[in-house]
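Hi,

Here is the structure I promised to hand over. Have a look at it first, and my notes on what was found follow below.

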Amino acid sequence: MTAVDHRVLAVPEGLAGERLDAAMARLFGLSRTRAADLISAGHVTIDGAAAAKSERLVPGSMLEVAIPSQADPLEVVPEIVEGIKILHDDDSIVVIDKPVGVAVHPSPGWTGPTVVGHLTAAGFRIATSGASERQGIVQRLDVGTSGVMVICKGERAYSVLKNAFRHRTVDKVYHALVQGHPDPLEGTIDAPIGRHPKADYKYAVMADGRHSVTHYETLEAHRFASLLEVHLETGRTHQIRVHMSALKHPCVGDLTYGADPTLAQRLGLERQWLHATRLGFDHPDSGEYVEYSATYPEDLSAALEVVRGLD
């Protein structure tokens, strides 16, 4: 049930002739857009009558406003998420296989399921370090990328693994099905990545971007696509997708970065063919090297079989 803040007041002399939306912004500390939305939704009356955002105020008129509370976009909502697999669980860490369509943590604009929400609902204790919505998170996978990732349960584990990721001592191995055949068949892409200049939801190779290094080798070469094993030296947002697109070999199904929609449809893909297949690091407690792996999910396995059959 949504809480509603009711405000009733007489329009003061100082707001004579002011537009209603601008006056509400000043009176209640709202953005003008939020004020206009409340007016459009019928939450505002003047002398008992529905008002328009452009209406000019008259001193002494009775202004009545109902302001429903807004959900915090960063609030962690406990929710069991179907498809999240627990690969390992001990006192310090939990390792999962994240399915496609699940964000790692809450963020503005995302209303779907999250890894943090699932672990909270499932009763896992998570490290309290980091911002509240990202507690215990030392790495991320895109919503559209599946695979293995680690979350920290204890403060020491968080500190140790955060440091390991920062100093690039974690082995992050992905498999990517990319269009065509990279030449050479194995190599290193060393190209800085920054925000795309014309689309803020995308990234691109930019001269003033952040240092980004991707190593790849071809595992299988097929008529229309190649299966690559990719080792990340750095961990930039969309790094593999951006680097492979820059080579003119985008991940199959990755329409955001230039993939062929006809091929994606032919393979039954609704997202990029990219999977975090292995993750290796020194365990934060024992110091011993541990490695965890996640098999391909059904949609990626099926698409790969179709590609193999097209040779």
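Let me begin with one side chain, Arg278, which is partly exposed at a relative accessible area of 24% (buried means under 20%, exposed over 50% and partly exposed in between, with a 1.4 Å probe and protein chains only). Before going further, please note that this is a predicted model, where local features need pLDDT of at least 70 and side-chain atom pairs count only at pLDDT 80 or more, while totals for chains, interfaces and linings use all residues. Residues are numbered from 1 along each chain as its sequence is written, and side-chain values use heavy atoms, with hydrogens and water left out.

**Salt bridges**

Arg278 pairs with Glu229 in a salt bridge whose closest N and O atoms are 3.4 Å apart (a salt bridge is a side-chain nitrogen of Lys or Arg within 4 Å of a carboxyl oxygen of Asp or Glu). This pair links distant parts of the chain, since Glu229 sits in strand β13 (residues 225–232) and Arg278 in strand β14 (residues 274–282), 49 residues apart. Helices (H or I, at least four residues) and strands (E, at least two) are DSSP runs, numbered from the N terminus. Glu229 is buried, with a relative accessible area of 10%.

How many salt bridges are there by this rule? The count comes to 13. Another one joins Arg308 and Glu305, with the closest N and O atoms 2.5 Å apart. These two are 3 residues apart in helix α7 (residues 298–309), so about one helical turn separates them. Arg308 is partly exposed at 31% relative accessible area, and Glu305 is partly exposed at 47%. Elsewhere, salt bridges with shared partners join Arg19, Asp21 and Arg32 into one network. Asp21 is buried at 3%, whereas Arg19 is partly exposed at 23%.

**The largest pocket**

The largest pocket holds about 1500 Å³ of space. On a 1 Å grid over the protein atoms alone, a pocket is an open set of points where a 1.4 Å probe fits, with protein on both sides within 12 Å along at least five of seven lines; lining residues have an atom within 4 Å of a point. Its volume is the space filled by probe spheres set on the points, which are joined across faces, edges and corners. Of the 43 lining residues, Arg140, Asp142, Arg236, Thr237 and His238 are the closest to the centre.

Best wishes
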